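Subject: Structure handover

Hello,

Here is the structure I promised to pass on. Please open it first, then read my notes below.

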Amino acid sequence: MRKGFSADHTNITYIGRWADLPAAEGTVKLAVTSGGSVRFKFTGPSVKLVFMPFTADKLMPEISYSIDGKPPVRIPLKDEVAVAGLVAGEHSFVLWVEGVATPLNVQRWTSRQGVGLRCVELAANGRLSPYPTGNTKKLLIIGDSMGEGLLMLGGTAAENYPRYANARLNFGNQLGAMIHADVWFQCFGGAAISVPFGGVPPAPDNYPFILQGVEHKDPSFDGILIEACHNDAGVEAGRFVESYKTLIERVRKANPHAVIFLFPPLKPYVPDKFELVRSVAADMKCVFIDNSAWQVDMPNENHPGVKGHTQLAEHLKFIIGPRLK
């Protein structure tokens, strides 16, 4: 005999954008991009997470999970993930969305592909309790494949598979741990400020994103980092600036008290957009992040590996951290 808890149970903590999808029993929580996490505590000798079926892509999303702070176990997503044989008492559980559907094959704007949690099951006498992060600040990152943590473990643009992502250790999650902030991601591989990609509209038109046709819910953010400009090659300067300013206006309207940080393209991406981002930051009273002299390890088709993401987080903590206090 087991005890079930719906995915929308109040004692389950979600970090990041998880859509609420109606289901026959309760609500399915769905993440279609990498980077989000789930946290809770439980008592009893076992825990099982049940996920919804997914058919949009043959390549399964990849997740990592950790119990009681032990090194994470990484696996392709299955219908169920169960751990048994635990000692008596209370345990902590954290799950990370490492990588989801191949951006080149799945229309993320409308697809239900991703990590969809249906329920948590415990032993008959098990209890579920909150496992808060303890963080008081919230940061939203609006970005592209770099922000999402794609190609961190290898791969190519043509084979940008979930197994090559490592969003648990992308620069946003590392930064959040360094500055004690919870991080939300609106990042899509191939996305840009001014042009659509893979069914995802340009950044001003996909903010605020959750899923087309699904009610959007966001917390109040203390900071917003806009990194989504590495794919704007060939876009005319006036159009780029107009799109960027439109995005900032929409972000600021939804988050009037947030500090907005603008992250220009890293070398060797679209160098003509670097000074344009600086000018937008000055006009819109945002914090410009001058990354022109940063040394970032980028071995995978100019995408950072884990080392490169750590380097980015180390730089950013001195810029973003003090401004979120």
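Which residue in S12 does Phe42 stand opposite? Phe42 stands opposite Leu128.

Some ground rules before the rest. This is a predicted model: local features need pLDDT of at least 70, side-chain atom pairs count only at pLDDT 80 or more, and totals for chains, interfaces and linings use all residues. Residues are numbered from 1 along each chain as its sequence is written, and side-chain values use heavy atoms, with hydrogens and water left out.

Helices (H or I, at least four residues) and strands (E, at least two) are DSSP runs, numbered from the N terminus. Two strands pair if DSSP finds at least two bridges between them.

S5 covers residues 37-43. S5 runs antiparallel to strand S12 (residues 128-129), and two bridges join them. S5 is also antiparallel to strand S10 (residues 90-99), this time with seven bridges. There, Ser37 has Trp96 in S10 as its bridge partner. Strand S2 (residues 13-15) is joined to S5 by three bridges, again antiparallel. Thr13 has Arg39 in S5 as its bridge partner.

S5 is mostly covered, with six of its seven residues buried. Buried means under 20% relative accessible area, exposed means over 50%, and partly exposed is in between (1.4 Å probe, protein chains only).

Ile12 sits in the loop between strand S1 (2-6) and S2. Ile12 counts as buried, at 7% relative accessibility. From Ile12 to Trp96 is 84 residues in sequence and 14 Å in space, C-alpha to C-alpha.

**The parallel sheet**

Five strands form an open sheet, with parallel pairing. The order is S14-S13-S15-S16-S17. Strand S14 (181-187) and strand S17 (287-288) are the edges, each pairing on one side only. Inside the sheet order, strand S15 (residues 223-226) and strand S16 (residues 259-262) run parallel and are joined by four bridges. Ile224 stands opposite Ile260 in S16. As background, side chains in a regular strand alternate between the two faces of the sheet.

**Aromatic pairs**

A pair of aromatic rings is described by the distance of the centres and the angle of the planes. Rings of Phe, Tyr and Trp (its six-membered ring) pair if their centres lie within 6.5 Å; planes under 30 degrees apart count as stacked, over 60 as edge-to-face and the rest as tilted.

The whole structure has eleven aromatic pairs. One of them is Phe240 with Tyr244: centres 5.6 Å apart, planes at 85°, so edge-to-face. Both residues are in helix H4 (residues 237-254), four residues apart, which means about one helical turn between them. Phe240 is buried at 0% relative accessibility. Tyr244 is buried too, at 0%.

Phe263 and Trp294 also make a pair. Their ring centres are 5.9 Å apart and their planes are at 70°, so this pair is edge-to-face. Phe263 is in the loop between S16 and helix H5 (274-284), and Trp294 is in the loop between S17 and helix H6 (306-320), so the pair ties together parts 31 residues apart in sequence. Phe263 and Trp294 are both buried.

Ring pairs also link Phe40, Phe42, Tyr65 and Phe93 into a cluster.

**Cysteines**

How many disulfides are there? The count is zero, where a disulfide is a pair of cysteine sulfur atoms within 2.5 Å. For Cys229, the nearest cysteine sulfur is that of Cys187, 12 Å away. Cys229 is buried, at 0% relative accessibility. For Cys286, the nearest cysteine sulfur is that of Cys229, 13 Å away. Cys286 is buried as well, with a relative accessible area of 13%.

**Cavities**

The search runs on a 1 Å grid over the protein atoms alone; a cavity is a set of points where a 1.4 Å probe fits but cannot get out, and lining residues have an atom within 4 Å of a point. Grid points are joined across faces, edges and corners, and a volume is the space filled by probe spheres set on the points.

The count is three cavities of 30 Å³ or more. The largest cavity has a volume of about 60 Å³. Its lining includes Pro103, Val106, Arg108, Phe188 and Phe197. By class, the lining of the largest cavity has six nonpolar, two polar and one charged residues. Here Ala, Val, Leu, Ile, Met, Phe, Trp, Tyr, Cys and Pro count as nonpolar, Asp, Glu, Lys and Arg as charged, and the others, Gly among them, as polar.

Best wishes

Notes. On a 1 Å grid over the protein atoms alone, a cavity is a set of points where a 1.4 Å probe fits but cannot get out, and a pocket is an open set with protein on both sides within 12 Å along at least five of seven lines; lining residues have an atom within 4 Å of a point.
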